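The following paragraphs lead through a protein model step by step. Please keep the sequence and the three-dimensional view at hand while reading.

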Amino acid sequence: MDIRISGTVSESIVDGPGFRYTIFVQGCPHNCPGCHNPQTHDFNGGKVVDTDELLRECTEDPLNKGVTFSGGEPFSQAKALYELGKRFKECGYDIWCYTGWTMRELWQMRKSEYYVGQLMSIIDVLVDGRFIEERKTLSLPFRGSDNQQLIDMKSTFEEHMVIEYTI
């Protein structure tokens with residue numbers, strides 16, 4: 001399956017715990033002022049790659065213990081990331097996902113967009129919320145601004161309420 005990406009980083013230590021393979025998808029509707037990855041906003045930018053190539057690149061590096069979907073906006077390519085994410089899970093990787101949507105917005109979107117719900121179901125930790133430049137902080141791990149939450153998705157689905165992920 002094809003996916004449009006801006007790029008990847010192998011052995012990232014800033015996109016979740018441990019060494020991670022990070023996929024930066026291309027295209028974002030949020031256009032947050034001060035965004036760390038403004039080059040990912042254009043839906044026609046980046047490059048189209050086969051998801052088999054991404055899986056191979058990640059699994060060839062024995063240091064990678066997890067995968068992070070970032071962007072751009074991962075939920076704009078929910079079907080491709082869901083299909084790829086299932087394969088990563090089968091290989092034993094945990095999945096983190098950064099999104100500009102809030103959990104509340106995603107919960108509503110999943111009712112009309114099937115693959116949004118499917119992608120949510122395989123994510124271990126969701127970092128939600130738009131980056132807000134005025135609330136930028138370096139004191140919170142794995143977040144850009146203090147409005148963003150780290151959400152334990154398995155517990156959230158089990159409890160039917162947002163459960164914060166603790167590091």
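In this predicted model, R135 forms a salt bridge with D146, and the closest N and O atoms of the two residues are 2.6 Å apart. The pair links distant parts of the chain: R135 and D146 are 11 residues apart, each in the loop between β6 (125-128) and β7 (149-152). How accessible are the two partners? R135 is partly exposed, with a relative accessible area of 38%, and D146 is also counted as partly exposed, at 40% relative accessibility. Side chains of opposite charge can pair when their charged atoms come close.

The structure holds eight salt bridges, and two further examples may be considered. E83 is paired with K86 in a salt bridge whose closest N and O atoms are 3.3 Å apart. Here both residues belong to helix α2 (residues 78-90), where they are three residues apart, about one turn of the helix. With a relative accessible area of 25%, E83 is partly exposed; K86, at 30%, is partly exposed as well. The other example joins E60 to R56, again with 3.3 Å between the closest N and O atoms. E60 is classed as exposed because its relative accessible area is 54%, above the limit of 50%. R56, by contrast, counts as partly exposed at 40%.

D61 is located in the loop between α1 (51-59) and β4 (66-70). Is this residue buried or exposed, and which side chain of opposite charge is nearest to D61? D61 is buried yet has no salt bridge, and the nearest side chain of opposite charge, that of K65, is 7.9 Å away. The side chain of D61 does, however, have a polar atom that lies 2.9 Å from the backbone nitrogen of L63. Leaving aside neighbours within four places in sequence, D61 is in contact with S10 and E11.

The largest nonpolar core has 33 residues, of which I23, F69, F75, F88, L119 and L126 touch the most other members. Several elements give two or more residues to this core, namely β1 (2-12), β2, α1, β4, α2, β5 (94-98), α3 (103-109) and α4 (114-122). Among these, α2 gives the most, with six residues. One residue can be followed in detail. Not counting residues up to four places away in sequence, F88 touches Y21, I23, L54, L55, C58, V67, F69, Y93 and I95.

Where is H36 found? H36 lies in the loop between β2 (20-25) and β3 (47-50). At 73% relative accessibility, H36 counts as exposed. From H36 to S76 there are 40 residues in sequence, and the C-alpha atoms of the two are 18 Å apart in space.

Note on methods: Residues numbered from 1 in each chain as written. Predicted model: local features only at pLDDT ≥ 70, side-chain atom pairs only at ≥ 80, totals over all residues. Heavy atoms only, no water. Salt bridge = Lys/Arg side-chain N within 4 Å of Asp/Glu carboxyl O. Buried < 20%, exposed > 50% of the residue type's maximum accessible area, 1.4 Å probe, protein only. Helix = DSSP H or I, 4+ residues; strand = E, 2+ residues; numbered from the N terminus. Lys, Arg positive; Asp, Glu negative; His and termini not counted. Polar contact = N/O pair within 3.5 Å; in protein donor to acceptor, adjacent residues only side chain to side chain. Contact = heavy atoms within 4.5 Å. Core = buried A, V, L, I, M, F, W, Y, C linked by side-chain atoms within 4.5 Å.
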